[in-house]
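Dear colleague,

Please find the structure below, handed over for your reference.

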Amino acid sequence: DGLTAGTTGKSLRLEGIHITANSAIGLGVQYRTHVQNIGWQKWVSDGQMAGTSGYSLRLEAIEIKLTGVNADKYDIYYRTHVENFGWTDWACNGQPCGSAGFGYRLEGIKIIVVPKGAPAPGSTAKPYYQR
């Protein structure tokens, strides 16, 4: 619902994430993360763990997309708080969000689902930084 998961301004990394969608309205979610020293992981869905636990590895980027019988009626927007960059612009429907090639950690994430075609919650110009 657009609230922040994680932190900002505390120099703490996200290491793993579980995401769920509103199954009551026919939505599911798939997502994958880019992990330090590993790269892009395989797609997981509906509350499964993406990233790592117990390895002290940072998330660096994420991609999220909707699934389910009503996925074509909604857009999913997400933005990340990246070390040294701050909040990225909003990514949408499977676009990468975060950074690659810098070694910067994701510190926080915001996710929102809106009706298909509704305006983006903010700028979508630069959701992903790549070196």
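Y104 is buried, with a relative accessible area of 18%; buried means under 20% relative accessible area, exposed over 50% and partly exposed in between, using a 1.4 Å probe and protein chains only. F102, at 21%, counts as partly exposed. This is a predicted model, in which local features need pLDDT of at least 70 and side-chain atom pairs count only at pLDDT 80 or more, while totals for chains, interfaces and linings use all residues. Residues are numbered from 1 along each chain as its sequence is written, and side-chain values use heavy atoms, with hydrogens and water left out.

Rings of Phe, Tyr and Trp (its six-membered ring) pair if their centres lie within 6.5 Å; planes under 30 degrees apart count as stacked, over 60 as edge-to-face and the rest as tilted. By this rule there are four aromatic pairs. In one of them, the ring centres of F85 and Y129 are 4.0 Å apart and the planes meet at 10 degrees, so this pair is stacked. F85 is partly exposed, at 31% relative accessible area. F102 and Y104 also form a stacked pair, with 5.4 Å from centre to centre and 25 degrees between the planes. F85, F102, Y104 and Y129 form one aromatic cluster.

Charges over rings were also examined; a charge sits over a ring if NZ of Lys or CZ of Arg is within 6 Å of the ring centre and within 35 degrees of the ring normal. K65 lies over the face of W43, 4.2 Å from the ring centre, and K110 lies over the face of W87, at 4.8 Å.
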